[in-house]
Amino acid sequence: MADARTCSLCGVTIKQNALGDQVIFSYGPPGTRSKLWSRVCKFVGDRPGCINQDVSSVGAVQPGDEYEPFPDGQPKP
Ligand SMILES: [Zn+2]
């Protein structure tokens with residue numbers, strides 16, 4: 001019974017889930033709304049149409065939400 005919405009501006013799908021919404025990125029593992037916001041939606045905040053701008057839904061940004069080009073375990077240049 002999961003409901004899914006796609007952000008027309010960011011192109012990312014948000015699956016609504018009783019345990020917490022799950023964001024389906026175009027690549028990589030699913031994440032949270034705060035992760036989506038940190039990586040995508042905060043950069044489009046001044047344009048209308050983004051469905052992930054509601055602070056109460058996004059919640060607090062967690063460590064690791066922001067984009068890390070070289071996460072731990074990945075080879076660094
Ligand atoms: Zn968005």
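1. Two strands pair if DSSP finds at least two bridges between them. Helices (H or I, at least four residues) and strands (E, at least two) are DSSP runs, numbered from the N terminus. With those terms in hand, Ile14 stands opposite Val23 in S3, and Arg5 stands opposite Ile14 in S2.

2. On the source: this is a predicted model, in which local features need pLDDT of at least 70, side-chain atom pairs count only at pLDDT 80 or more, and totals for chains, interfaces and linings use all residues. Residues are numbered from 1 along each chain as its sequence is written.

3. Overall make-up. The protein has 3 strands and 2 helices, and from the N terminus on the elements run β-β-β-α-α. Of the 77 residues, 18% are buried. A residue is buried if 20 or more other C-beta atoms lie within 10 Å of its own, exposed if 12 or fewer, and partly exposed in between, with C-beta atoms placed from the backbone.

4. Contacts along the chain. Two residues are in contact if their C-beta atoms, placed from the backbone, lie within 7 Å. Counting contacts between residues at least 6 apart in sequence, 41% join residues at least 24 apart.

5. The sheet. The 3 strands form an open sheet in the order S1-S2-S3, with antiparallel pairing. S1 and S3 stand at the edges with a single partner strand each, so one side of each is left without a neighbour in the sheet. From one strand to the next, the twist averages 25°; axes here are lines fitted to C-alpha atoms (for helices over the stretch in contact), and angles run from 0 to 180 degrees between N-to-C directions.

6. S1 with S2. Strand S1 (residues 3-6) and strand S2 (residues 13-16) run antiparallel and are joined by 4 bridges. Thr6 has Thr13 in S2 as its bridge partner. The hairpin of S1 and S2 has 6 residues between the strands, and Gly11 takes a positive phi near 75° there.

7. S2 with S3. Strand S3 (residues 22-24) pairs with S2 in the antiparallel sense over 3 bridges. These two strands also form a hairpin, with 5 residues between them, and Gly20 in the turn has a positive phi of about 130°.

8. The core. The largest nonpolar core has 9 residues: Cys10, Val12, Ile14, Val23, Leu36, Trp37, Cys41, Cys50 and Val58. Such a core is a set of buried Ala, Val, Leu, Ile, Met, Phe, Trp, Tyr and Cys residues joined through C-beta atoms within 7 Å. Apart from neighbours within four places in sequence, Val12 is in contact with Cys7, Val23, Ile24, Phe25, Leu36 and Val40.

9. Cys50. This residue lies in the loop between helix H1 (33-39) and helix H2 (55-58). Cys50 counts as buried because it has 21 C-beta neighbours inside 10 Å. Not counting residues up to four places away in sequence, Cys50 touches Cys7, Leu9, Cys10, Cys41 and Val44. Cys50 and Val12 are 38 residues apart along the chain, and their C-alpha atoms are separated by 9.9 Å.

10. Asp21. Leaving out neighbours within four places in sequence, Asp21 is in contact with Ile14, Lys15, Gln16 and Arg33. Ser57 is 36 residues from Asp21 along the chain, with 8.8 Å between their C-alpha atoms.
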